[in-house]
Amino acid sequence: MRTLENIRRFRLSDTFVEPYKIQEVPWGPLGYVTFKRTYSRRLNEFEPEARGTEEWWQTCRRVIEGMFNMQKQHVFLLGLEWNDAKAQRTAKDAYDRLFNLKWTPPGRGLWMMGTKFVEERTAAGLFNCAFRSTRDLSTKGGYLFAWMMDALMVGIGVGFDTEGANSIVFKEPEYINDIYVIDDSREGWVESVHILIDSFFFGSKMPKFDYSAIRPEGAPIRGFGGTSSGYKPLKELHDNLMELYSTKIGESITSVDIVDTENLIGRCVVAGNVRRSAALAMGSHDDKHYLQMKNDQEKLYHHRWGSNNSFNAVVGMDYTWHAAQSQKNGEPGYIWLNNARTRGRFKDPERYDDINVAGFNPCVEQQLEDAELCCLVETFPAKHEDLEDYLATLKIAYLYGKTVTLSNTHWPETNAKMLKNRRIGLSQSGVIQAFNKHGRREMYEWCDKAYEYIKELDEEYSNWLCIPKSVRMTSIKPSGTVSLLNGSTPGIHFPEDEYYIRRIRFSKDSKLLDGLIKAGYIIEDDKYSPNTAVVEFPVHEPYFVKGKRSTTIWEQLEIAAQYQHYWADNSVSVTVTFKPEEAEQIKDTLEMYETRLKAVSFLRYKETGYEQAPYEPITKEHYEKLAKDITPVQRFNDEEGGSGTKFCDGESCLIIEKEVVNV
């Protein structure tokens, strides 16, 4: 009988990999720095005596070998045919195209694929995002929030709804004197929160929590990487939840309570002072209390920043009130759930094979059933010279996404959805660059032909692997950190300008700062966050035609609609920037595009006026002055591994801090 232990691991030969050790990587302006601070793992995770951290050729090897080993295990355990020579040819092509940054796994995959954590504990860490409905709150209770916390702690961004509102009446817990020692693990943290929430939902026993077993602040976290935050964030979460629920005994849970609960959990999980959305809340279009909950500034700064709040929009509704809200602070976002349930690409007829979609991931590029996960894969059409080359890259990207669906998580209900749907999200970044390089009409034609090619691939490989075809396969993700590797613009969004400064934040104790100082980059103390340094990277945008300041709200929406038409059978993630004089047009745009999109959000574009903004347009002369003093970093020689990506890989100004969770 074949078992995992006696299946020989897939390996690329040293002879094949050797030339890549000295080959130049086509990094973007921030590429190498981004790679080292985010995706480069410590070598002693794999070889105890090794020193230093991965270089790009080693990360590529880990990812490709992990990917093909996962395929090989699946095939051998089912007793199917495995052609090692063919697999080696495909793997070498996959390696070369990844090394040259024509495609990449999502940030989650670059960080986790091929690690012991994935192979021995749970493959959940490979997935970008998830959705969880609260409609069964009355029966599942705290388990739903514990599931969300568990997902967040392994780096998965979570979308959730407020369907469970009014389904539970808060009860007085049965306080007991038993001591509950919280285990020093992800599971221990999650279970403690599960117990606490259930005690208020069902009136069950509430023990006294003992935090003494949790490792101290600064201790290393083996397996997932990073360092411990100590017990304080968990105790603060317990205290915050008890404070929230104790004032509501005898009252029904509201949509705001549901969102507050998840946001407080998110506050515990995210690192240090990074204000980055890890979740998407989806409420009702007529729930004004929910839609206005971020107007409370004190609670917004404390925890309500922890989710992007959207609502289930209905085609034909009156958008007047909602459009006025969007003009103020960019929320709420708009999700046409029925469009997602009944449409793939909008070029194609209605289809009902995804009718059980319950919501979206935090960046709204993936429609998902309850408890379903998604795996995204990034491709860069502007890094290709012709369609034939791009299709060859798409084959590799498809294989990566499909391979990840072969893995199991530690959640049975999630595995059931994944085994059935096999949903993936092949995405494109640098779309505006591709327009400027190849032409807009040419790119729409590429999308159409490429989609048909992906359908053929899915037929072929699903038959070989003896698994269902994927219910959906294409999307446009917003991108962010991954697109920085090769200097691509994120998703379908326009660049800031032809010349601009991109600022990235680092913890002051990051060992990478010494190398950046020597290279000539400008580094300042962060004026808003303690113990944080701000590094300025001058950027010249290739294939530039126009930036955010020059494009209209209508052009951005039309590009999103065209990609929903020709490419995305999941969804297009788009944040439409609008100038003050366009604010009154938001209502009209919603009425015109409600039948052509599945989701959209808006954000006011303005010269921020505050210091050390993530992006700052500059003149050509200013760029050249900054660039001439910089010697690009070729190598960092230190023991500081990357921090990994958390949640969806959306665009943000990251701070590299300690992990808050003990995984």
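1. Lys-579 and Glu-582 are both buried, where buried means under 20% relative accessible area, exposed means over 50%, and partly exposed lies in between (1.4 Å probe, protein chains only). The two residues form a salt bridge whose closest N and O atoms are 3.9 Å apart. A salt bridge here is a side-chain nitrogen of Lys or Arg within 4 Å of a carboxyl oxygen of Asp or Glu.

2. A word on the source. This is a predicted model, in which local features need pLDDT of at least 70 and side-chain atom pairs count only at pLDDT 80 or more, while totals for chains, interfaces and linings use all residues. Residues are numbered from 1 along each chain as its sequence is written, and side-chain values use heavy atoms, with hydrogens and water left out.

3. How many salt bridges does a search of the whole structure find? The search finds 51. One of them joins the side chains of Glu-187 and Arg-121, at 3.6 Å from N to O. This pair links distant parts of the chain, with Glu-187 in helix H9 (residues 186-202) and Arg-121 in helix H6 (residues 116-121), 66 residues apart. Helices (H or I, at least four residues) and strands (E, at least two) are DSSP runs, numbered from the N terminus. Glu-187 is partly exposed, its relative accessible area being 40%. Arg-121 is also partly exposed, at 41%.

4. Another salt bridge is formed by Arg-351 and Asp-353, with 2.8 Å between the closest N and O atoms. Arg-351 counts as partly exposed because its relative accessibility is 22%. Asp-353 has 42% relative accessibility, so Asp-353 counts as partly exposed too.

5. Salt bridges can also be followed through a group of residues. Arg-345, Lys-347, Asp-348, Asp-448, Glu-452 and Lys-455 are linked in a network of them.

6. Next, the packing of helices. The axes of helix H3 (residues 56-77) and helix H16 (residues 387-404) come within 9 Å and cross at roughly 60 degrees. That angle makes H3 oblique to H16. Angles under 35 degrees count as roughly parallel, over 145 as roughly antiparallel, 65 to 115 as roughly perpendicular, and the rest as oblique. The axes are lines fitted to C-alpha atoms, for helices over the stretch in contact, and angles run from 0 to 180 degrees between N-to-C directions.

7. The crossing of H3 and H16 is left-handed. A crossing is left-handed if the near helix is turned anticlockwise from the far one by less than a right angle, and right-handed if clockwise. On the H3 side, the contact is made by Val-63, Met-67, Met-70 and Gln-71, and on the H16 side by Ile-396, Leu-399, Tyr-400, Thr-403 and Val-404. Contact means heavy atoms within 4.5 Å. Of the residues in the contact of H3 with H16, seven are nonpolar, two are polar and none is charged. In this count Ala, Val, Leu, Ile, Met, Phe, Trp, Tyr, Cys and Pro are nonpolar, Asp, Glu, Lys and Arg are charged, and the others, Gly among them, are polar.

8. Helix H22 and helix H23 (residues 586-593) pack at an angle of about 20 degrees, and their axes are 11 Å apart. At that angle, H22 is roughly parallel to H23. The crossing of H22 and H23 is right-handed. Ile-553, Trp-554, Leu-557, Glu-558 and Ala-561 of H22 meet Ile-586, Asp-588, Thr-589, Met-592 and Tyr-593 of H23. The residues of the contact of H22 with H23 comprise seven nonpolar, one polar and two charged.

9. Some backbone details deserve a look. The peptide bond from Glu-331 to Pro-332 is cis, with omega near 5 degrees. Pro-332 is in the loop between helix H14 (320-329) and strand S8 (333-335).

10. Leu-101 is not a glycine, yet has a positive phi of about 60 degrees. Leu-101 lies in the loop between helix H4 (84-99) and strand S1 (103-104), and counts as buried at 1% relative accessibility. Tyr-543 likewise has a positive phi in a residue other than glycine, near 55 degrees. Tyr-543 is in the loop between strand S15 (532-540) and helix H22 (553-566), and is partly exposed at 40% relative accessible area.

11. Is Ser-475 buried or exposed? With 0% relative accessibility, Ser-475 counts as buried. Ser-475 sits in the loop between helix H19 (440-465) and helix H20 (481-486). Leaving aside neighbours within four places in sequence, the contacts of Ser-475 include Glu-365, Leu-376, Gly-425, Trp-567 and Asn-570.
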